[in-house]
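I opened my notebook to look up how one chain is put together.

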Amino acid sequence: MKVRLVLPLLLTAGALGWILIRGLGGSLTYYLTPGQISGRTEVGTQIRIGGQVQPGSVRHRDEQLLFVLQDDSGTVPVIFKGSVPAIFRSGQGAIVEGVYGRDHVMHADTLVVQHGNRYAPDGRG
């Protein structure tokens, strides 16, 4: 009698746990830090890198924004093509998404900047 009761409960709990983990996995955003990307061989792959915009590193060249992301253990140069958020500035947190090139530069097509304690792509966060 107990097996007939316990087995369906375990199956139901397992199914709910699987659905919860599967659902949350798709909504979480993971990124590497500049220190983690240094020396990696993920050249040519689509990745996300998050860090602080290094003060004094922001430059504009043609239709591109050039800057350096940093953390406590490394730096990654970034070339971004796209619409720059109005609140983008030196020293703030940012996440970029794109391809890490053979030149060891992040070629980003997405830029999300930190606004307060949230990240927003266009400053409306």
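**Entry 1: strand pairing.** I looked up strand S1 (residues 46-53) and found that strand S5 (residues 93-100) pairs with S1 in the antiparallel sense, over seven bridges. I count two strands as paired if DSSP finds at least two bridges between them. Gln46 has Val99 in S5 as its bridge partner. S1 also runs antiparallel to strand S3 (residues 64-71), and two bridges join them. There, Val53 stands opposite Leu69 in S3.

**Entry 2: ground rules.** I noted that this is a predicted model, in which local features need pLDDT of at least 70 and side-chain atom pairs count only at pLDDT 80 or more, while totals for chains, interfaces and linings use all residues. Residues are numbered from 1 along each chain as its sequence is written, and side-chain values use heavy atoms, with hydrogens and water left out.

**Entry 3: the whole chain.** I found two helices and seven strands. Both kinds are DSSP runs numbered from the N terminus: helices are H or I with at least four residues, strands are E with at least two. Along the sequence the pattern reads α-α-β-β-β-β-β-β-β. Of the 125 residues, 30% are buried (under 20% relative accessible area, with exposed over 50% and partly exposed in between; 1.4 Å probe, protein chains only). I also checked contacts (heavy atoms within 4.5 Å). Among those between residues at least 6 apart in sequence, 49% join residues at least 24 apart.

**Entry 4: the core.** Which residues touch the most other members of the largest nonpolar core? They are Ile49, Phe67, Leu69, Val96, Met106 and Leu111, out of 19 residues. S1, S3, strand S4 (74-81), S5 and strand S6 (106-115) each supply at least two residues of this core. S6 gives the most, with four. By a nonpolar core I mean a set of buried Ala, Val, Leu, Ile, Met, Phe, Trp, Tyr and Cys residues joined through side-chain atoms within 4.5 Å. In soluble globular proteins, nonpolar side chains tend to be buried together. I then listed contacts of Met106, leaving aside neighbours within four places in sequence; among them are Ile47, Ile49, Val76, Val96 and Tyr100.

**Entry 5: a loop serine.** Is Ser57 buried or exposed? Ser57 is buried, with a relative accessible area of 9%. Ser57 lies in the loop between S1 and strand S2 (59-61). Not counting residues up to four places away in sequence, Ser57 touches Leu66, Phe67 and Val68. A polar atom of the Ser57 side chain lies 3.1 Å from the backbone nitrogen of Val68.

Notes
A polar contact is a pair of N or O atoms within 3.5 Å; within protein, one must be able to donate a hydrogen and the other to accept it, and residues adjacent in sequence count only if both atoms are side-chain atoms.
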